[in-house]
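Please read the following note alongside the sequence and the coordinates.

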Amino acid sequence: MQPFISAHPPRLRGFSYTDGEELEQGEAIMALLEVENVSKSFGGLIAVNCVSLTFNQGEILGLIGPNGAGKSTLFNLISGVEKPNGGRIRFDGRDITGTAPDEICRYGIARTFQLVRPFSQLSPLENVMVGRVFGSAPALSMGQARLESEKILSLAGLASKRVKTAGMLGLVDRKRLEIARALATRPKLLLLDEMMAGLNLTEINAAIALIKRIRDSGISLIVVEHVMKVILNISDRVIVLKTGEKIADGSPREVASNPLVIEAYLGKGNVC
Ligand code: ADP
Ligand code: MG
């Protein structure tokens, strides 16, 4: 049987619910994603301005910035939804600049959208099965797709709701389903765009636990989130965008105490 997450699992630290091996101590961590001087304009507006970043396997990278900073546009560029006006994007050793989203998905990048959009007439299980028959390592049969999709729904906390219609799910469950659909494509890199907006504290804590479980399963994540405490808590590294430009890149502690970030992102006061 195929491993649950990836036919080519990234080799990572931590436990795995796949058959993947753990990273040996001292083993080199390679860059999974390299964004080099990437820009995107819409008419006269520069949404992303010459942004570069390197992202390592196994990391949770937090991406923050005020509304309109270019976070979702950067996700769109990485996932192929938008094509950059300039710059290069490399993923897993391959140049993916300007590549179509379905091809990028097959290479192992999945993303959620800020506005969740499941197939509302299908059940959650069917929604996830759609992801399992496309993506980087499609299931070989519908039976296999169903079995694996049931496991993914359980991981996302939706096991008891798999046969409802997706359109009947509440906000929290629709967000869980969005993550489950993305996971079903067996990504090496998962981009989460504001999955916690509108959630209460208990739901946020459950979402944090889910993100950590996903990382521990061998999937790297870039997380856009407005709740600063969440980002500082879950991220290995944080990048800050402001009006399309990268203004900070460092550990949560460094970024939280960076005066540029405090001024740009919060206006004043303490980041926490
Ligand atoms: P963020 O996710 O950080 O809030 P966005 O990436 O959504 O920011 O937007 C960055 C800027 O680009 C905003 O000014 C937004 O209005 C603009 N923008 C984003 N997408 C488009 C688009 N498809 N067409 C025109 N302007 C866009
Ligand atoms: Mg956004």
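Note on the predicted model

1. Helix α1 gives the most to the shell around ligand 1, with three residues. Helices (H or I, at least four residues) and strands (E, at least two) are DSSP runs numbered from the N terminus. Both β2 (45–56) and α1 (71–79) supply at least two residues of that shell.

2. Ligand 1 is surrounded by F42, L45, A47, G65, N67, G68, A69, G70, K71, S72 and T73, a residue being near if its C-beta atom, placed from the backbone, lies within 6 Å. By class, the shell has four nonpolar, six polar and one charged residues; Gly counts as polar.

3. This is a predicted model, in which local features need pLDDT of at least 70 and side-chain atom pairs count only at pLDDT 80 or more, while totals for chains, interfaces and linings use all residues. Residues are numbered from 1 along each chain as its sequence is written, with chains lettered from A and ligands numbered from 1 in the order in which they are written.

4. The axes (lines fitted to C-alpha atoms, for helices over the stretch in contact, with angles from 0 to 180 degrees between N-to-C directions) of α3 (residues 124–133) and α4 (residues 142–155) come within 9 Å and cross at roughly 115°. By class, their contact has eight nonpolar, one polar and four charged residues.

5. The largest nonpolar core has 65 residues. It is a set of buried Ala, Val, Leu, Ile, Met, Phe, Trp, Tyr and Cys residues joined through C-beta atoms within 7 Å, buried meaning 20 or more other C-beta atoms within 10 Å of the residue's own.

Technical notes:
Buried ≥ 20, exposed ≤ 12 C-beta atoms within 10 Å, placed from the backbone.
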